[in-house]
Amino acid sequence: MRNKKKLTSLMLTAAMITTMVAGCGGNNNTPANTTTPAPTTTASGSNNATTPAATTTAASTEVAKPDSIHWMVHDGMSEENGTAQWVEEFERLTGIDLNLEIVSNNEYNTILELAFASGSVPDVFDLNGEQKLSVYAKQKAIYDMTSLIESSDLYGKVDTQLWEALRIDGKLYGVPKEVASGAVTYIRKDWLDRLNMKVPTNYQEFTDMLRAFKDNIEECTVPLTSPGVFNTQNLPEFYQDAATDFVKVNGEWIDGFAQENMVGAMTRLHDAYAEGLIDLEVITNTTGVCRDQWYGGSVGVFNYWGGNWGQTLTERLQVNVPEADVLAMDPIEGATYLFSVPSVLVMSNKIDDDRAASIYKYFFEYMHDGGEGQVLFQSGVENLHWKQEGNNLVPLPSLSKPEETLRKAWITPWMCISPLEVTDKNQELHPACVDSLAVINKFGVQKPAFPVSDTLNKISADLKIIREEILAKVLVGDMTVEEGMAKYKENAEMLNVQKVVDELNGK
């Protein structure tokens, strides 16, 4: 009997507190020079493409199609936008029963760990590539997909540097749904024009701009907003070459927080905060709060994701301020825009080799096939999520918000990891999407996944708390920069951070 689709969140139970896999958090900031696809008009697959049941290579005929696949997901298309219809279309096209389990983003990591504890692990799920991937790999909880990936056609279609950024001790444990997101700095260009100012190119000009916004734009209550101060990705103008976490420099991992360049970063942050150039609530800000501030028209500068969010930040701001003009600016001298490590789709290690090969072929490869599967995973169901107009794929109004179009199902069309093989599914992108993608693609630097470190897994939470506390105290003036650096080195020695560095470097 075919499995029934599950589209519900699991209830957490107090009894299920023992987990097979230990989680850890944190961010790293590491140059590896991977670029994403150029921000041009994209083409998707065709509904006339071959389904995975009839692929052409001799090797593919030796792989049996799975009867069912259990996929746990926490991002992408919402149930309100038609996941049930999407699943039905997937099943119609492939003949595979898809058990789609949707869980809330905030509960995802806990629910996944409970699934391992209870023995109900999904076949396919995703992990944060920055650190979660290495933790699960170390625990042997996920399937080593190296041979499957490297022997498939997909391997050669994807940027080699993206694969390299995801290797854990030389192995590949999964496939990203899309290329990594990168963050760029958005500014109110209309405010610059009102003040007859040019786009800043260095730190002095950048702070002069913030100062001018604060002093001369009546509606500006927050010159620059950010969701906290720990993530260097959100504050590139202030951190510049400094990193709050472990970072790879010249092929070696180091403790970024302990480096001398953190002195300059914390000094810049403190001085700007003291002058009121940075949101006074920055320490407790969430991304939602920052976005709402921006939409309201009271913020002059906000660093956020390029591409899709460039369009959203522009359109929603212009609902409240029709004359607003948003610019994704080039990084100032010394600043670095960063690509995140992409989320990676992985398979449970509880499945055998034959089933792993089957799921890889008929699920992983299908979603990046350059045709039918790619259209489905990128844009959804024809005449529900999109319609055909000539050689263009035109997104339809979102089912949950008819005033907006549905821009993606599970994969952002203009961030696909493999090339598209047809030309009858082109999409016209919003100028703000194109412009912000052009900036991040030109200047963005890729962060790689962390290697395995048992010590980091044990101390990660405590170390993050210490780093954030020191940053907060220095920011508000409760601690000098020198005192902050001394306090950190004392705590780093106590936690044996040097052992983490050694383990990251394979020593």
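The protein exposes about 21100 Å², and carbon and sulfur atoms supply 48% of that area (Shrake-Rupley method, 1.4 Å probe; for residues, only the protein chains shown count as cover). This is a predicted model, where local features need pLDDT of at least 70, side-chain atom pairs count only at pLDDT 80 or more, and totals for chains, interfaces and linings use all residues. Residues are numbered from 1 along each chain as its sequence is written, and side-chain values use heavy atoms, with hydrogens and water left out.

**Overall picture**

- There are 18 helices and 15 strands in the protein; helices (H or I, at least four residues) and strands (E, at least two) are DSSP runs, numbered from the N terminus.
- Of the 507 residues, 55% are buried, with buried meaning under 20% relative accessible area, exposed over 50% and partly exposed in between (1.4 Å probe, protein chains only).
- Take the contacts between residues at least 6 apart in sequence: 79% of them join residues at least 24 apart. Contact here means heavy atoms within 4.5 Å.

**The four-strand sheet**

- Four strands, in the order β6-β9-β5-β10, make up an open sheet with mixed pairing; strands count as paired if DSSP finds at least two bridges between them.
- The edges are β6 and β10 (326-329), each of which pairs on one side only.
- From one strand to the next, the twist averages 25°; axes are lines fitted to C-alpha atoms, for helices over the stretch in contact, and angles run from 0 to 180 degrees between N-to-C directions.
- Strand β9 (residues 299-305) is mostly covered, with 6 of its 7 residues buried.
- On one side, β9 pairs with β5 (residues 183-188) in the antiparallel sense over 5 bridges, and Ala183 has Trp305 in β9 as its bridge partner.
- β9 also pairs with β6 (residues 222-225), this time in the parallel sense over 3 bridges, and Thr225 sits opposite Phe302 of β9.
- The β5 and β10 pairing is antiparallel over 4 bridges, with Arg188 opposite Val326 in β10.
- Helix α8 (residues 203-216) packs on this sheet and touches β5, β6, β9 and β10, its direction making about 130° with that of β9.
- Helix α12 (residues 308-320) packs on the sheet too, touching β5, β9 and β10, and its direction makes about 150° with that of β9.

**Helix pairs around α16**

- Two packed helices are described by the angle between their axes and the distance between the axes.
- For helix α10 (residues 261-274) and helix α16 (residues 454-476), the axes come within 7 Å and cross at roughly 50°.
- That makes α10 oblique to α16; angles under 35 degrees count as roughly parallel, over 145 as roughly antiparallel, 65 to 115 as roughly perpendicular and the rest as oblique.
- The α10/α16 crossing is right-handed; a crossing is left-handed if the near helix is turned anticlockwise from the far one by less than a right angle, and right-handed if clockwise.
- From α10, Met262, Met266, Leu269, His270 and Tyr273 meet Leu471, Val474, Leu475 and Val476 in α16.
- The axes of α16 and helix α18 (residues 497-504) come within 9 Å, crossing at roughly 135°, so α16 is oblique to α18.
- α16 passes α18 in a left-handed crossing.
- In that pair, Asp454, Thr455, Leu456, Ile459 and Leu463 of α16 meet Val497, Lys499, Val500 and Glu503 of α18.

**Helix α2**

- The buried residues of helix α2 (residues 108-118) are Tyr108, Ile111, Leu112, Glu113, Leu114, Ala115 and Phe116.
- Those buried residues pack against β1 (68-73), β3 (124-127) and α3 (132-138).
- Gly119 follows α2, and its phi is positive, near 80°.

- Glu89 lies in helix α1 (residues 83-94) and counts as buried because its relative accessibility is 16%.
- Leaving aside residues up to four places away in sequence, Glu89 touches Leu376 and Val381.
- Ile96 is in the loop between α1 and β2 (97-102), and at 0% relative accessibility Ile96 counts as buried.
- Ile96 and Ile69 are 27 residues apart along the chain, and their C-alpha atoms are separated by 7.3 Å.
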